[in-house]
Amino acid sequence: MEKTRKWRWGKNRWIVLALLILTIIAVNLYAPIQPHIQAAAENLSSEPLFTLPVIGDFYLTNTLVATLFMDIVIIVIALVVRHAAKKDELAPKGLAGVFEMLVEMLYNMTESTAGKWAKKVFPWFATVLIIVLFANLLKLIPGFETVGLLHHSEEGYEIQSLGGNWFTILNTKAKEGGYIVTPFLRGVSTDINFTLSLALIAVVMTQVIGFQANGFRYLEKFFSFRTIFKKPVFGLIDVFVGLLELISEFSKILSFTFRLFGNMFAGMVLMALVSAMLPVFMPAGIMLFELFIGVIQAYVFGMLTMVFMSQATQGHGAEEEHSNA
């Protein structure tokens, strides 16, 4: 019989103890720099790229650069998968096979929920899920939020030249103003503009699909005055329920926006603080945790979008029959 290997604390505790000792030594020999944490996206350009009449000045931010990088990665992968799909193969291999399995799984989930409206709902569901997934996972690439431009700050650190225009920050506070790093790339989901845009797209398209499925009868979900004169008690209840439905539609925007932004920004802060306090071994565990959270958040955002769109396609005949009864 095959024997299973078990974790033996007696033998492996020395490994854990050695890692802890090495971490303490590393922190004392190479003291980490306290990170500069800012909720808003940092500007990479000192001057605005252009100015819009209502919005105002438009700067080049590090989350915008990360968004462009994410778009390029998605487009390249899409072209690779498209090229592989054109080959006469019964079962695509490699990256094409993975994405074929992913798309088929997502479509089956949509079809089981939306029914005949799956072809309308699926493109939005799959697009939102893939974009959020890549936005969450690309931030784990080395160099994100660590390599960037040096900006002068009153509470900054001293710097040391590495040759040319490359510098490294020292763990020494400057007496008369030092420097902080503004990274070239920052996690896209840590920018509330990105999460708000996705939330608006998801909620607005939910209403559009609801109109396509039910026509103007879709408005009866929010404004139900059909029975208020025939049966005032039930009619007032329907009006109150419709008002709650209208409020819930607007609350979806806030829920979508701050759920994704809060989780990913908290992960960025946690990663920065743990890297500053225990820079040797603990960040690897936090990276695995961030990977798990990024996948879960993408799945939740996409699934909620699909469920809300599927619910919008359903008629309200059952509610009308209940009110008439």
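Me: What area does the nonpolar surface patch made by W14, I15, L17, L19, I21, L22 and I25 have?
Reply: This is a predicted model, in which local features need pLDDT of at least 70 and side-chain atom pairs count only at pLDDT 80 or more, while totals for chains, interfaces and linings use all residues. Residues are numbered from 1 along each chain as its sequence is written, and side-chain values use heavy atoms, with hydrogens and water left out. Patches consist of residues with over 30% relative accessible area and no salt bridge, like charges being joined within 9 Å and nonpolar side chains (Val, Leu, Ile, Met, Phe, Trp, Tyr) within 5 Å. With accessible areas from the Shrake-Rupley method (1.4 Å probe; for residues, only the protein chains shown count as cover), the patch comes to about 660 Å².

Me: Is W14 buried or exposed?
Reply: W14 lies in helix α1; helices (H or I, at least four residues) and strands (E, at least two) are DSSP runs numbered from the N terminus. Buried means under 20% relative accessible area, exposed over 50%, and partly exposed in between (1.4 Å probe, protein chains only). Because its relative accessible area is 54%, W14 is exposed.

Me: Which pattern does the protein follow when read along the sequence?
Reply: The secondary structure comes to eight helices and six strands. Along the sequence, their order is α-β-β-α-α-α-β-β-β-β-α-α-α-α.

Me: What percentage of the 325 residues of the protein count as buried?
Reply: The protein exposes about 20,800 Å², of which carbon and sulfur atoms supply 68%. Of its 325 residues, the buried share is 34%.

Me: How many residues apart in sequence are the parts that R186 and E42 tie together?
Reply: A salt bridge (a side-chain nitrogen of Lys or Arg within 4 Å of a carboxyl oxygen of Asp or Glu) joins R186 to E42, with the closest N and O atoms 3.3 Å apart. R186 lies in the loop between β6 (178–183) and α5 (192–214), and E42 in the loop between α1 (9–29) and β1 (50–52), so the parts tied together are separated in sequence by 144 residues.

Me: Is K139, which forms a salt bridge with E290, buried or exposed?
Reply: The closest N and O atoms of E290 and K139 are 3.2 Å apart. The pair links E290 in helix α7 (residues 282–313) with K139 in the loop between α4 (118–137) and β3 (148–153), 151 residues apart. At 3% relative accessibility, E290 counts as buried. K139 has 8% relative accessibility and therefore also counts as buried.

Me: Which residue is joined to E249 by a polar contact of 2.6 Å?
Reply: E249 and K252 meet in a salt bridge (2.9 Å, N to O), and both lie in helix α6 (residues 232–277), three residues apart, about one turn of the helix. E249 counts as buried because its relative accessibility is 5%. A polar contact is a pair of N or O atoms within 3.5 Å; within protein, one must be able to donate a hydrogen and the other to accept it, and residues adjacent in sequence count only if both atoms are side-chain atoms. The side chain that makes the polar contact of 2.6 Å with E249 belongs to Q207.

Me: What distance separates the C-alpha atoms of I37 and M268?
Reply: I37 is in the loop between α1 and β1 and is partly exposed, with a relative accessible area of 36%. Not counting residues up to four places away in sequence, I37 is in contact (heavy atoms within 4.5 Å) with F265, V269, A272 and L273. Although I37 and M268 are 231 residues apart along the chain, the separation of their C-alpha atoms is 8.9 Å.
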